[in-house]
Amino acid sequence: MTAPSTTDRTDPGLAEILGPHLHQVLGACRRHAGRTTRVEVCSGGNVSHVFRVHGEAGNVIVKVRGPRFARIPHITTDPALIMVEHWALAIHHGLLPGLFPKVLAFLPEAHAMVMTDVFPDGRTWREHLDQRAATTEECTRLGTALTRIHHATVGLPPLRDGDGDDLFRAEHAYGYCLRACGHRALDEACHRLDALPGRQLLLGDVCPKNLSLAAGRTAFVDLDNVHTGAPLFDLGYLLAHLVLHHITRPSRLHPLAGAFLDAYTLPGPARPWRDDDLLAAVAAGVLLYRLEARTVPYPATSPPAAADRLLHSLRRLLDAGPFTVHDLLDAATGPVTS
């Protein structure tokens, strides 16, 4: 979710989405934030509707899942799937309470959750990156936090019954993302990811719009996409977004990516990142997914000419064969060569 737009407490979006459950949900908010003073619509989430509810004693977040994706209305969904995110939040907050919001109330009949507000300044990291470059301290903190998460979730069972997690990975992580552009090298990357040992719970959507790094804290939100898979996917996913948000700040990219990757340690055997062609391919695939935006929109992070240049460079790398993370970073920071 991104910057809120302020409305009054009778915001029609909240009332329309919750319908007869409005008073029940606001009552749950009141128990933790006091009497409601105003409601803000938090934009940016693609799946659920998100609101920040201000009260006399503090703020809480309300998340509601409807029959269609909030920002992609042509995609239908089952509102009851908010239960999966509820489980994911309960697990992750229980293991690492400092890194995830706490569910204060779950209202299954309303397909809604009330959660703690983990954005001390009310802004996501994405909003900060739209105005400035990341810092090495932030990137180090992110790498360290992602390490803690992946080590904490080793050995946990899937969230979905039967082969549900495998289907989710195939349809979302691979179908919407890595396989979206149809490149054979990315199809092969999906097969290689599935062949890696140590499959476990992943966050699945680690990107700046789902992070807060304000006030020296680190917090992750939007756990709709938690599923089982290889931790390398989360690492490449976040690396891709670090590249994406620094296309117009090329001098910063190598040190920032190095700080992030140096601070991260995959569970299991050591896997040095500098020459890791699979990590590079995953990050390239996520970049194509975000830049081409075939299914899931992502607001532009650079002028069209810069994005087109990077797209051309990425396709050249994928066409040419295996490449390293350094090759990927060089492609993102240097001029296109024929």
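User: What makes a residue part of a pocket's lining in this predicted model?

Analyst: The model is predicted. A lining residue has an atom within 4 Å of a point of the pocket. For the largest pocket, α3 (82-95), α6 (164-178), α8 (231-244) and α10 (277-292) each supply at least two such residues. Helix α6 gives the most, with six residues.

User: How much space does the largest pocket hold, and which residues are the closest to its centre?

Analyst: Its volume is about 580 Å³. Of the 33 residues in its lining, Val47, Phe69, Phe168, His172 and Asn225 are the closest to the centre.

User: How do the residues of that lining divide by class?

Analyst: There are 15 nonpolar, eight polar and ten charged residues. Val and Phe count as nonpolar, so Val47, Phe69 and Phe168 belong to the nonpolar class.

User: Which residues are the closest to the centre of the second largest pocket?

Analyst: That pocket holds about 260 Å³. Pro197, Leu266, Pro267, Gly268 and Pro269 are the closest to its centre, among 16 lining residues. By class, its lining has ten nonpolar, four polar and two charged residues.

User: Why are the buried residues of α12 said to line one face?

Analyst: In α12 (residues 325-333), Val325, Leu328, Leu329, Ala331 and Ala332 are buried; that means under 20% relative accessible area. Seen down the helix axis, the buried residues fall within an arc of 160°, so they line one face.

User: What covers these buried residues of α12?

Analyst: The cover includes α8, α9 (250-263), α10 and α11 (304-320).

How values were computed. Residues are numbered from 1 along each chain as its sequence is written. This is a predicted model: local features need pLDDT of at least 70, side-chain atom pairs count only at pLDDT 80 or more; totals for chains, interfaces and linings use all residues. Side-chain values use heavy atoms; hydrogens and water are left out. On a 1 Å grid over the protein atoms alone, a cavity is a set of points where a 1.4 Å probe fits but cannot get out, and a pocket is an open set with protein on both sides within 12 Å along at least five of seven lines; lining residues have an atom within 4 Å of a point. Grid points are joined across faces, edges and corners, and a volume is the space filled by probe spheres set on the points. Helices (H or I, at least four residues) and strands (E, at least two) are DSSP runs, numbered from the N terminus. Buried means under 20% relative accessible area, exposed over 50%, partly exposed in between (1.4 Å probe, protein chains only). The arc is that of the directions from the helix axis to the C-beta atoms. Contact means heavy atoms within 4.5 Å.
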